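Here is a short tour to read with the sequence and the 3D view open side by side. Take a look first, and then we can walk through some of the details together.

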Amino acid sequence: MPNWLKSDRAFQKVRSLLFYLSLFLFFCGLPLILLFALGYKFNRSSLGFVKTGLIYIKTQPEGANVYLNGQPLCEKTPMSIQELIPGVYRITLTLTKYYPWRSEVDVEAGKVSRIDKVILFPLRPDLERLNRSGFSSFRADTEEGKIYYLDEENRIVYRSDLEGKNFEDIASLPDKFGRIDGWGISPDKDKMFIFNSRQIGVVFLDNQDDYMYSDSSISLDCRREEIIRVFWHSDSYHLIVLTDKHVAVIEARALARAVNLVQLNKEAREAFYDDKRQVLYFSDTQRGSDGSLYNNLYKLELSPELYLLERLMKKANEESHNFKASF
Amino acid sequence: MKKAIILKRAFEIIPGALSWGIIISLIALSVAYPVASAILIISFDFYWIIRTIYLTTLLIMAHHRISRQRGKDWLGLCLSLPAGKGWQDLYQLVIFPVYNEGLEVLRPSLEALSASHYPKEKFIVVMAFEERSPRAYDNALALEKEFSAKFGSYLSTYHPDNLPGEGRTKGANASWAAGAAKKLIDARRIGCEHVVVSCFDADTCVDPEYFGCLSYHFLTSEKPHQASYQPMPVYNNNIWQAPSFARLVEISSSFCQMIDSMRLEKFVTFSSHSMSFKTLVEVGYWPTNMISDDSVIYWKSFLHYNGDYRVVPLYITVSMDVAYSSNIWKTIVVQYKQKRRWAWGVENFPFVAEGFMENREIPLLKKLRRSFNLLESHVSWAVWAVILMVIGPLPIFFGGRLFSQMAIAYNLPKITGLLFQFTLFTSLTWIFLSWTILPPRPKGVSWLKNVLLLLEWFFVPAIVLLLGSSPAIDAQSRLMFARYMEFNPTLKGNKVL
């Protein structure tokens with residue numbers, strides 16, 4: 001027999017051996033792997049398999065110490081505790097300089113109890129002062145990356161970036177305007193309204209770091225109704241005003257006249273204006289067909305096609321007005 | 001007749017239906033019964049780990065055999081054989097079927113042949129051109145002028161186009177050339193039993209010891225005419241110039257062939273191979289209307305000898321070109337088409353199944369075993385990468401809240417992750433072995449190419465999906481829907497095209 005044939009046969013024998021060894025490994029190993037995958041654990045005392053469960057823990061930040069029924073575990077989060085006999089376990093998570101997290105977790109056979117939304121809060125949060133000087137209230141515009149500060153005492157409006165840097169004064173508040181109950185920056189960031197129960201003022205912001213518009217602010221007086229909420233319309237020109245008697249719209253210009261869109265039967269203290277969809281949500285009481293009064297939530301669409309509003313404005317010229325505008 | 005057609009179609013449908021059935025059932029199972037799907041996927045993952053380790057061990061053994069036989073004086077061994085073995089009477093018929101390859105591809109093949117450590121007068125070289133190829137006559141004349149004096153006999157043949165019953169296949173050209181060679185051999189009164197025929201791809205460069213090795217194995221085999229002789233194909237001709245992923249695909253192909261050479265009961269001829277000319281004549285040459293002529297000739301012989309036919313592995317290399325093109329996308333297309341053509345070897349299944357049904361002499365167990373091996377190899381070629389990379393994560397996606405709370409949902413990605421760690425380990429072995437079969441780095445090729453050769457292995461998952469499963473699924477689907485492929489030769493060249 002030639003050597004190559006001897007070699008062939010010898011290698012075939014080794015290969016057969018390997019093949020059967022692989023088969024043996026597969027058929028012996030597969031049940032064990034599947035049992036493990038399904039959550040079974042070999043119990044030495046009963047010499048049988050017990051179905052177990054596991055706890056998966058993930059924290060923010062990671063690296064927290066894990067205690068199971070008071071006993072520390074070696075691994076830190078994110079981690080899993082496997083092969084747990086079904087039952088209730090006490091879990092404690094600790095991390096230096098963070099509040100600990102404690103809870104009881106119910107472990108079921110063949111299941112994963114997930115504790116994967118744990119946030120560990122710092123003991124002393126890092127507080128950072130952002131404002132430059134005094135202020136009465138602020139608005140944060142995360143889209144623009146600015147914080148607007150209203151300083152009633154010094155009658156100015158200033159702003160910074162979100163990190164409390166790059167301060168700039170952008171407007172003076174009109175002297176004759178009294179107490180300020182609320183304010184808002186227009187969507188185009190060019191102006192702001194301020195209001196109290198009887199007045200609405202429109203102050204032009206100086207975006208060129210040269211605030212010389214204070215004299216040209218507009219004051220819209222309301223003598224007979226109490227102003228509750230004011231919103232900017234998305235066109236940055238109209239104001240939506242909620243009083244104790246009406247839902248009205250008024251242009252942000254001198255001598256503007258308000259249009260009462262809806263007459264209210266009760267004070268609508270709660271209102272929300274969706275400036276993206278230009279819809280005002282407010283509550284009011286209306287009489288039903290049975291004659292009873294019902295408290296309902298209403299939706300008023302302020303169409304983006306402004307001609308509707310403008311048409312209303314024209315019609316309203318001859319009607320009674322509750323607002324008087326002046327410089 | 002109608003029954004035979006229905007039967008043929010049924011056999012054509014089986015591989016594709018099985019592959020698609022496995023893929024669709026596993027996807028459906030992942031949606032409807034994620035736990036069952038996860039169990040099947042874990043079982044497959046584990047099977048794949050065992051299989052990869054097993055196959056890598058076979059690869060190491062094959063590699064060891066190649067290394068051990070490298071540089072061996074095979075001709076000396078032939079000369080030392082007893083006179084009765086017939087060494088002096090043995091002739092080597094070498095056929096190069098040429099489609100449209102240019103002189104830059106053909107010349108190195110003939111140069112390698114002429115550099116063989118083997119008596120040149122024993123060579124009958126046939127350059128088999130296609131008559132329809134516009135360059136055929138010019139190239140034939142150029143090569144005749146250069147090489148005809150270097151071999152015992154040299155013949156250029158021109159295969160006519162559109163002969164009845166023939167497809168435009170390599171097998172048709174090779175068979176035409178073998179017929180012409182038969183006339184020459186008969187005229188020289190050489191018995192067919194004294195001729196070993198080698199059918200080489202046009203870009204095949206043989207090792208100088210190849211024919212010594214082939215002759216020795218032929219002369220010392222128990223039944224030399226009942227065997228094909230398969231060298232180990234490597235793609236070293238232009239490996240340093242080829243893009244990394246094309247190189248990787250071809251190295252993997254070489255390795256698969258090396259692994260198969262260790263599984264003799266499954267081993268089938270592939271690409272360039274040799275066999276007894278007597279057997280070739282008896283079985284009626286290569287098939288003239290099938291693309292996978294290299295493997296079908298094995299099955300024809302297997303059926304002819306009632307199952308008593310085998311492939312003898314020759315642990316010696318023949319080098320071919322890596323298929324690539326001028327840019328990465330064209331190369332992907334070239335590679336994809338080449339792999340689809342290889343995967344079209346699935347056409348062997350209906351051929352073999354029909355042959356087995358007609359042949360009453362082959363034992364039933366052998367028929368079943370060989371049919372299963374053939375079917376299993378093609379189906380697993382099509383589905384394994386899809387199962388591992390696409391279907392593997394599906395139970396997690398479709399399992400829903402209830403499934404996500406189960407231990408198996410937690411363990412599935414962990415076990416899959418473990419699988420990839422194991423394949424990384426075996427990949428390191430493959431990387432090492434790939435380095436050892438590389439030819440020396442040519443001058444002008446930067447040493448950075450060595451680093452690239454290492455890094456390219458990270459693309460393996462993407463490549464097996466793109467150029468592993470997809471062409472196989474494509475080929476099986478075409479066969480399933482009777483959209484038969486035509487022979488589409490791979491664009492090859494030593495230079496970037």
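Which residues of H11(B) are buried?

## Helix H11 of chain B

Keep in mind that this is a predicted model. The buried residues of H11(B) are B:Thr331, B:Val334, B:Gln335, B:Gln338, B:Lys339, B:Trp342 and B:Ala343. Their cover includes three helices of chain B: H8 (244-260), H13 (364-391) and H18 (460-480).

H11(B) itself runs over residues 328-343, 16 residues in all. From its first C-alpha to its last, H11(B) reaches 22 Å, close to the 22 Å expected at 1.5 Å a residue.

## The open sheet of chain B

In general, strands of a sheet pair through backbone hydrogen bonds, either parallel or antiparallel. Chain B has an open sheet of eight strands with mixed pairing, in the order E3-E2-E1-E4-E7-E6-E8-E5. At its edges are strand E3 (153-159) and strand E5 (205-206) of chain B, each pairing on one side only.

Helix H2 of chain B (residues 34-69) packs on this sheet, where it touches strands E6 (227-234) and E8 (310-319) of chain B. The direction of H2(B) makes about 65° with that of E8(B).

For a parallel pair, look at E1(B), residues 91-97, and E2(B), residues 123-130, which are joined over six bridges. In this pair, B:Phe96 of chain B stands opposite B:Met127 in E2(B).

## Chain A in outline

Chain A has two helices and 25 strands. Of its 327 residues, 25% are buried. Among contacts in chain A with a separation of 6 or more, 43% are between residues 24 or more positions apart.

Methods:
Residues are numbered from 1 along each chain as its sequence is written. Chains are lettered from A and ligands numbered from 1 in the order in which they are written. This is a predicted model: local features need pLDDT of at least 70, side-chain atom pairs count only at pLDDT 80 or more; totals for chains, interfaces and linings use all residues. Helices (H or I, at least four residues) and strands (E, at least two) are DSSP runs, numbered from the N terminus. A residue is buried if 20 or more other C-beta atoms lie within 10 Å of its own, exposed if 12 or fewer, and partly exposed in between; C-beta atoms are placed from the backbone. Two residues are in contact if their C-beta atoms, placed from the backbone, lie within 7 Å. Two strands pair if DSSP finds at least two bridges between them. Axes are lines fitted to C-alpha atoms, for helices over the stretch in contact, and angles run from 0 to 180 degrees between N-to-C directions. The expected span of a helix is 1.5 Å times one less than its number of residues.
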